[in-house]
Amino acid sequence: MEDATLLGDVKYHLGFSNSRFTSSGQKIHLMLTPNPSHLEAVNPIVEGIVRAFADSDYKNDYSKIVPILIHGDASVAGQGIIYEILQMSELEGFRTGGTIHLVVNNQLGFTTNYLDGRSSIYCTDIAKIIQSPILHVNADDVEEVVYAVNLAVEFRQQFHKDVFVDLLGYRKYGHNEGDEPRFTQPTLYKLIEKHPNPLQIYIEKLTADHTITLEEASNLEKEFIHHLDKSLEESELTEKTKTYSFFEENGLASSKPKLKILRLHRQLM
């Protein structure tokens, strides 16, 4: 029987939470907030959850909790909700101690050339309205990406202000199965077809400086693929997945869908 509370959205938009341990043994609770297909709509929800926990559980100690928002290049430049979140970020009634913004800058939103898609030079120029630092990093360079993210976290924890990481990359395929970028950007995509992926680039770097051998790199890749295959096999043993309320699981109140609304939804289906 279909769960009427899902209202037809894709299942991986339902959210997820889990606790992990760092290399030093510190426990970190991770929360992936339920988000609809219009992904940027989740931004104020994330900020509200963080503010609620900061007020109720952490005595306004924002070093204990941090909001992380992931944007596409098109949405961060073109959607008004980004400006709204930023201009409210330092207000007493709405502040959350600074947000880490990860921008996947790879033309995911549009096949359109960026010169035809926005007026600003960088998609992250909106961050300048609150003088937020913007770290532009080559997404092909694994170690520089890690460095930039670590620096962003340190900045946020030290100064409790928003910080942006602009991951400059590319997408090899279309936005979805109905988008073929080779139709609109044939020259660019001939170059992308020949461009090595980040894994190949990093392996070449590590083998060139004799950190690992090609055989070791190959074995690591095989071990990882085996781990994924084994996890997939284990997941297929579960006939029916039980879903839990994200909000209740994380100590937040959730509203129950009213019977009249569910009946109306079924009539419209």
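A residue counts as exposed when its relative accessible area is over 50%, as buried when that area is under 20%, and as partly exposed in between. The structure described here is a predicted model. Glutamate 236 has a relative accessibility of 59%, so this residue counts as exposed. Glutamate 236 sits in the loop that runs between helix 7 (214-235) and helix 8 (246-249). The residue also belongs to a surface patch of negative charge.

Charged pairs occur elsewhere in the model. Nine salt bridges are present in the structure. One of them joins lysine 161 to glutamate 90. The closest N and O atoms of this pair are 2.7 Å apart. Lysine 161 is partly exposed, with a relative accessible area of 25%. Glutamate 90 is also partly exposed, at 41% relative accessibility.

A further salt bridge is formed by glutamate 92 and arginine 95. Here the closest N and O atoms are 2.9 Å apart. Glutamate 92 has a relative accessible area of 57%, and is therefore exposed. Arginine 95 has a relative accessibility of 31%, and so counts as partly exposed. Arginine 95 has a second contact, this one through its backbone. Its backbone oxygen lies 3.0 Å from a polar atom of the arginine 51 side chain. Arginine 51 is part of helix 1 (residues 43-56). With 18% relative accessibility, arginine 51 counts as buried, because the limit for that class is under 20%.

Lysine 205 and aspartate 209 form another salt bridge. Their closest N and O atoms are 4.0 Å apart. Both residues also take part in a network of salt bridges, in which they are linked with Glu143. Lysine 205 is partly exposed, at 36% relative accessibility. Aspartate 209 is partly exposed too, with a relative accessible area of 40%.

The surface has a nonpolar patch as well. Val66, Ile68, Ile70 and Val104 make up this patch, which covers about 320 Å². Valine 66 is placed in the loop between helix 1 and strand 3 (68-72). Its relative accessible area is 35%, so valine 66 is partly exposed.

The loop between helix 1 and strand 3 also holds asparagine 60. Asparagine 60 is not a glycine, yet it has a positive phi of about 60°. The residue is partly exposed, at 45% relative accessibility. Glutamine 131 likewise has a positive phi, with a value near 55°. Glutamine 131 is found in the loop between strand 4 and strand 5 (134-138). At 70% relative accessibility, glutamine 131 counts as exposed.

Histidine 175 lies in the loop between strand 6 and helix 5 (186-194). Its relative accessible area of 43% makes histidine 175 partly exposed. Histidine 175 and glycine 109 are 66 residues apart in sequence. In space, their C-alpha atoms are 6.5 Å apart.

Asparagine 197 occupies the loop between helix 5 and helix 6 (198-208). This asparagine is partly exposed, at 32% relative accessibility. A polar atom of its side chain lies 2.9 Å from the backbone nitrogen of glutamine 200. Asparagine 197 and lysine 172 are 25 residues apart along the chain. Their C-alpha atoms are separated by 9.5 Å.

Note on methods. Residues are numbered from 1 along each chain as its sequence is written. This is a predicted model: local features need pLDDT of at least 70, side-chain atom pairs count only at pLDDT 80 or more; totals for chains, interfaces and linings use all residues. Side-chain values use heavy atoms; hydrogens and water are left out. Patches are made of residues with over 30% relative accessible area and no salt bridge: like charges are joined within 9 Å, nonpolar side chains (Val, Leu, Ile, Met, Phe, Trp, Tyr) within 5 Å. Accessible areas come from the Shrake-Rupley method with a 1.4 Å probe; for residues, only the protein chains shown count as cover. A salt bridge is a side-chain nitrogen of Lys or Arg within 4 Å of a carboxyl oxygen of Asp or Glu. Lys and Arg count as positive and Asp and Glu as negative; His and the chain ends are not counted. The place of a charge is taken as NZ of Lys, CZ of Arg, CG of Asp or CD of Glu. Helices (H or I, at least four residues) and strands (E, at least two) are DSSP runs, numbered from the N terminus. Buried means under 20% relative accessible area, exposed over 50%, partly exposed in between (1.4 Å probe, protein chains only). A polar contact is a pair of N or O atoms within 3.5 Å; within protein, one must be able to donate a hydrogen and the other to accept it, and residues adjacent in sequence count only if both atoms are side-chain atoms.
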